[in-house]
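Good morning, and thank you for joining. Please take a moment with the sequence and the model before I go through them.

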Amino acid sequence: MSINMNGVSPDITVELDNEQFTQLRLDPSLIGTSADPQFLKAVNILQNQRLSETPGKQAPLSARSSGAISN
């Protein structure tokens, strides 16, 4: 399966309302900041995942960094 010209479907979607979409579109410097609902959701998921991991029971770094592990 090729992702060329198709992209990758997200595991988790965050819907933006028209105001949020317009704000991020007009000012790309807001992407990845507290004004970006998608960024905030990603940070929240990662923080919760980190808190729920048991010390010493993490997946190997290679699996975590390659994206092989998902929610």
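**Architecture and confidence**

The chain holds 3 helices and 0 strands, where helices (H or I, at least four residues) and strands (E, at least two) are DSSP runs numbered from the N terminus. Read from the N terminus, the order is α-α-α.

This is a predicted model, in which local features need pLDDT of at least 70, side-chain atom pairs count only at pLDDT 80 or more, and totals for chains, interfaces and linings use all residues. Residues are numbered from 1 along each chain as its sequence is written, and side-chain values use heavy atoms, with hydrogens and water left out.

Mean pLDDT (the predictor's confidence in each residue, from 0 to 100) is 82 for the chain, and 73% of its residues reach 70 or more.

Of the 71 residues, 8% count as buried, that is, under 20% relative accessible area with a 1.4 Å probe, protein chains only; exposed is over 50%, and partly exposed lies in between.

Let me turn to helix 2. Its 16 residues, 37-52, should span 22 Å at 1.5 Å a residue, and the end C-alpha atoms are 23 Å apart, which agrees; the expected span is 1.5 Å times one less than the number of residues. At the start of this helix, a side-chain oxygen of aspartate 36 comes to within 3.0 Å of the backbone nitrogen of glutamine 38.

Alanine 42 also belongs to helix 2. Is alanine 42 buried or partly exposed? Its relative accessible area is 35%, so alanine 42 is partly exposed. Alanine 42 lies 8.9 Å from isoleucine 12, C-alpha to C-alpha, with the two 30 residues apart in sequence.

How values were computed
A polar contact is a pair of N or O atoms within 3.5 Å; within protein, one must be able to donate a hydrogen and the other to accept it, and residues adjacent in sequence count only if both atoms are side-chain atoms.
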